[in-house]
Amino acid sequence: MIDLKNLTIEEAHESLKRGEFTCRELANAYLKVIKEKNPEINAYIEVYDDVLDQADEMQKKFVSKTDTILTGIPFAIKDNILIKERIVSAGSKILENYKASYDATIIKNLKKAGAIFLGRTNMDEFAMGSSTQTSAFGVTKNPIDTTRVPGGSSGGSAAALAGDMTLAALGTDTCGSVREPSAFCGLVGLKPTYGAVSRQGIIAMGNSLDQVSPFGKCARDVEIIFDFLSNYDEEDSTSVSDELRDSRLKNQNSNSKKIGVPWHLFKEGIDTEVQENFKESLDKLKKAGYEILDIELPHAKYSLAVYYIIMPAEVSTNLSRFDGIRYGYSAEGENLMDIYKKSRHNGFGKEVRRRIILGTYVLSHGYYDAYYIKALKVREKIKTEIMETFKKVDYILTPTVPITAFKLGEKLDDPVSMYLCDIFSAPANLSGVPAIALPSGVSKDGLKFSIQFMASHGREDLLFEVGKKFETIM
Amino acid sequence: MNIKDVENLANLARIELGEDEKKEILSDMESILEYVKQIEKVEVPARQLAGGDDTKNEHDLINVWREDKPVQRDFSRDLIISQFPDSKDGFLKVKKIL
């Protein structure tokens, strides 16, 4: 029996290398758990039928000594990342039967490294949501408490990992879609620097905000996946060049111990228990030798408002390609206009329709300057403010989410209250800096707490450093 | 905002909406716009963003272009064609345009 609960990527790699178990045995162990748990949890929309064949193929890499640290490591892949010839539906009926015609760059690289794809995971439709309840393929339940949501939008990937239905998982984070489910499921989740990981072959929600983001059971697992995925890709024009990557790392401080806390952002609107846990975490960090400083981010409080203008604007533009003509769901209609309107009505769910309409509004004549352009300018202010702050501190620390995992069915009828779950996530996406969610304890009801560190552009290394340290003092 | 505005937006966005949903979207839009309106309070410079002016700062965004020359791609033509909702002889078939 493989101890899946405590297995890490490095340990799995060593065991595969030493022949303690094979790629097939490891994959099979996860398939067994999936078979047992997935009918209730609904983490996977589809479990691939060729997993064991993949495993046998990858086993050869150990024989030929061409293995990498990811060879034979099972991955759960969010349903908006393209894998050639496999269905990719973005949790939407409009793409229910869509088969990808090419591999996302990160998938191409993972295939080369020998990773195994167990299946595609459930998500809020087109990544629009914070609870994985807007998927066209049903809700996903939190394995820690199945009456509660796993967070979202990458809730399927989080639930798969937290439920021992995979060893590694990928999501995408546009405004907390990996960090919030990490918090609700007790995992580590990293939103990388914008442009660190290729977006080629990812179904876009908000192009200026989206990043493919790894989940892990520990900071080291996330670091391994990130180090592997983080590469310049000429197919993605927003990919960070090698030159810039190097120069960002050269600005290293020798002793990165200064943590800034913007207390003014969470004086209110946050659960008492979350607040208490945050203070305890801060004490632990202080004892471990970190210096805690009060910082002010006067514009950060506008982050979520800015996000809810820029994101729908990008959504309405991006999703105009789904028209029922070239691929995906197509409704019967009298004429072209009729086909567009009916396909988009039947194919998209309620939240997606709502955001497209909102985006159309903020981009329409008469409102474009007041909403969209204004939001872009405030975004610049937020970004400048954060970059200036990182001249004084190494980290910015906040809770990851203001609350713990809520009950299934909650918040669906109140969009603003749902959106507020991501209040601490927005600044990192708007400014492009990396942020990591780290488990920070358990509530009296057994729910998970989480804290979030941000660092300056390109400094994921600092986030892993503090993440690994925090695990030892927790 | 009123129902007519929602209908106009739905038309621009090429989405059919039922009567109930129009009302629901109207009320959701009002609460969301009420929330995002807070950015009105922020003072920002009048300068243009990214594009064409001489007041750029270090965070301004630039366009990244590539040479316009053909490169080898690994898109599968068959896979693309097989997903057309309607096709004839390998061509995408659409309703009459004019």
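**Figure 1. Overview of chain B in the predicted model.** Along its sequence, chain B runs in the order α-α-α-β-β. This comes to 3 helices and 2 strands. The model shown here and in the other views is predicted. Chain B has 98 residues, of which 28% count as buried. Among its contacts between residues at least 6 apart in sequence, 16% join residues at least 24 apart.

**Figure 2. Helix α2 of chain B and its surroundings.** The helix covers residues 19-36, which is 18 residues. From the first C-alpha to the last it reaches 26 Å, close to the 26 Å expected at 1.5 Å a residue. Its buried residues are B:Glu21, B:Lys22, B:Ile25, B:Leu26, B:Asp28, B:Met29, B:Ile32, B:Leu33 and B:Val36. An α-helix has 3.6 residues a turn, so residues three or four places apart point the same way.

**Figure 3. The largest nonpolar core.** In soluble globular proteins, nonpolar side chains tend to be buried together. The largest nonpolar core holds 87 residues, and those touching the most other members are A:Leu26, A:Phe75, A:Ile106, A:Leu170, A:Leu397 and A:Phe453. Helix α2 (residues 23-41) of chain A gives the most to this core, with 9 residues. Apart from this core lies another, of 78 residues, including A:Leu95, A:Met128, A:Ile203 and A:Tyr302.

**Figure 4. Contacts of A:Phe453.** This residue belongs to the largest nonpolar core. Leaving aside residues up to four places away in sequence, A:Phe453 touches A:Ile259, A:Leu285, A:Tyr395, A:Ile396, A:Leu397, A:Pro434, A:Ala435, A:Ile436, A:Leu438, A:Leu463 and A:Val466.

**Figure 5. A buried serine in a loop.** A:Ser89 sits in the loop between β2 (74-78) and α4 (105-113) of chain A. A:Ser89 counts as buried because its relative accessibility is 0%, and the cut-off for buried is under 20%. Not counting residues up to four places away in sequence, A:Ser89 touches A:Ile45, A:Asp79, A:Leu95, A:Glu96, A:Arg120 and A:Phe137. One of these, A:Leu95, is also a member of the core of 78 residues.

**Figure 6. The second largest pocket.** Rolling a probe the size of a water molecule over the atoms shows where empty space is left. The second largest pocket contains about 480 Å³ of space. It is lined by 22 residues, and the closest to its centre are A:Leu265, A:Glu268, A:Gly269, A:Ile423 and A:Phe424. By class, the lining has 13 nonpolar, 5 polar and 4 charged residues.

Definitions and conventions: Residues are numbered from 1 along each chain as its sequence is written. Chains are lettered from A and ligands numbered from 1 in the order in which they are written. This is a predicted model: local features need pLDDT of at least 70, side-chain atom pairs count only at pLDDT 80 or more; totals for chains, interfaces and linings use all residues. Side-chain values use heavy atoms; hydrogens and water are left out. On a 1 Å grid over the protein atoms alone, a cavity is a set of points where a 1.4 Å probe fits but cannot get out, and a pocket is an open set with protein on both sides within 12 Å along at least five of seven lines; lining residues have an atom within 4 Å of a point. Grid points are joined across faces, edges and corners, and a volume is the space filled by probe spheres set on the points. Ala, Val, Leu, Ile, Met, Phe, Trp, Tyr, Cys and Pro count as nonpolar, Asp, Glu, Lys and Arg as charged, and the others, Gly among them, as polar. A nonpolar core is a set of buried Ala, Val, Leu, Ile, Met, Phe, Trp, Tyr and Cys residues joined through side-chain atoms within 4.5 Å. Buried means under 20% relative accessible area, exposed over 50%, partly exposed in between (1.4 Å probe, protein chains only). Helices (H or I, at least four residues) and strands (E, at least two) are DSSP runs, numbered from the N terminus. Contact means heavy atoms within 4.5 Å. The expected span of a helix is 1.5 Å times one less than its number of residues.
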